Amino acid sequence: MAKPTILHLGDDIRWNHDLYALLQTRFTIVRSHSMPRAEFKRALETHQFGDFAAMYRPFWNTGGEMGNWDEELIALLPPTCRIFTSAGAGFDWVDTRALASRNILYCNSAAACTESVADAALWLILHTFRNFGWSAASARSCDPARFWDANRNIAASTHNPNGHTLGIIGLGRIGVRVAQKARAACHMRVLYNDVRRMDPAVEVPLEATYYAELDAMLAEADCVLLATPFAGEKVMCALRFAAMKPGARFVNIARGKLVDEGALVGALRSGQIVAAGLDVHFDEPNINPELAGMDNVLLLSHTAGASLESHIGFEKLGIENILAFFETGKALTPVNLEFMGAKL
Ligand SMILES: O=C(O)C(=O)CO
């Protein structure tokens, strides 16, 4: 029997060579490398990659040159395609519902970057309590006046996170890991809001309090962490910032498009919230200049998931998903099963 074909998007794999060699024994691998959209569309239209059964994108930084996987692109996939496995936790760039309507599973790799994103979240949370951003920027300015300003004045407005509440919007894999770290490292108390209440197996070890209503949680949390996927709508708008406990803090490690940055600026300016830590931004790679000008806001360049361990894991999990799916009919980390209906 002919081996099924995998379309490998983007660069060569770099770390999991034995696993990739195993994949090559079971599948024929064709490559698109880094085709821009027009070229990639043409290749699909002309059947250049043949009747592939799977797509594999091992890296976050390459293999996405064709742009968003929307209806236009997905309609060009051959009917043989059953699974798309990709690096990265977020899947705002791919219409997983449209994939499901064509019987194609989408598997993300959040499991591979959970640790690094959770570490980054913890660092940003610490900043919002202690204003390390101000201290770091003052030291880096090499300006003695700024050094002394930070040195003398930071203490008056900062707090130990110990004993404060962390309100997590989206208690998925990453949210859980942040909760564990915040509890273990800082003895924070965990609150969470999600579309459904977690099983006791998740909730009890965290001693986490569930809020079915987001605004009710916002009113209680000393620091709010946004850790939910982008589903096309802003979660944090002016009304939501107004619903936060006065003097609370805000951290985003999810997606910039979840936040109305103008409203965030307003909440920081009015003192409704006292600090923010942002790994992600509304219009990357452009940073909101008003946020960039605030000492109490720590900004990162969307690198929460950027560790070598994450990247090795992205590569590996993508292959493991394909192997598991073709061996057992079940993938390891599908995210669009709910839209597949009876198709599987
Ligand atoms: O994994 C993701 O979704 C990222 O944001 C990049 O690591």
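User: How far apart are the end C-alpha atoms of residues 123-304?

Analyst: This is a predicted model, where local features need pLDDT of at least 70, side-chain atom pairs count only at pLDDT 80 or more, and totals for chains, interfaces and linings use all residues. Residues are numbered from 1 along each chain as its sequence is written, and side-chain values use heavy atoms, with hydrogens and water left out. The span 123-304 is 40% helix and 17% strand, where helices (H or I, at least four residues) and strands (E, at least two) are DSSP runs numbered from the N terminus. Its end C-alpha atoms lie apart by 10 Å.

User: Which domain does UniProt list for residues 123-304?

Analyst: The record is an unreviewed entry, and UniProt annotations may be inferred rather than shown by experiment, with positions in the numbering used here and feature names shortened.

User: Why can I call the chain as compact as a globular protein of its length?

Analyst: The chain has 14 helices and twelve strands. For 344 residues the globule rule gives 20 Å; that rule is 2.2 Å times the number of residues to the power 0.38, and the radius of gyration is taken over C-alpha atoms. The chain is as compact as a globular protein of that length because its radius of gyration is close to that value, at 22 Å.

User: What share of the contacts links residues 24 or more positions apart?

Analyst: Contact here means heavy atoms within 4.5 Å. Counting contacts in the chain with a separation of 6 or more, the share from residues 24 or more positions apart is 68%.

User: Is L9 buried or exposed?

Analyst: L9 sits in strand β1 (residues 5-9). Beyond its neighbours within four places in sequence, L9 contacts residues including S32, H33, F40, W69 and F84. The cut-offs are under 20% relative accessible area for buried, over 50% for exposed and partly exposed in between (1.4 Å probe, protein chains only). With a relative accessible area of 0%, L9 is buried.

User: Which residues does G163 touch, leaving aside its neighbours within four places in sequence?

Analyst: G163 is in the loop between α7 (144-153) and β6 (165-169). Its relative accessible area is 53%, so G163 is exposed. Apart from those sequence neighbours, the contacts of G163 are C186, H187 and M188.

User: What is phi of H33?

Analyst: H33 belongs to strand β2 (residues 28-33) and is partly exposed at a relative accessible area of 43%. Phi is positive here in a residue other than glycine, near 50°.

User: Where does E207 sit?

Analyst: E207 also has a positive phi, near 50°, in a residue other than glycine. Its relative accessibility is 56%, so E207 counts as exposed. Its place is the loop between α9 (200-206) and β8 (209-211).

User: What is omega for the cis peptide bond that joins E284 and P285?

Analyst: P285 lies in the loop between β11 (273-278) and α13 (289-292). The bond joining E284 and P285 is cis, with omega at about 5°.
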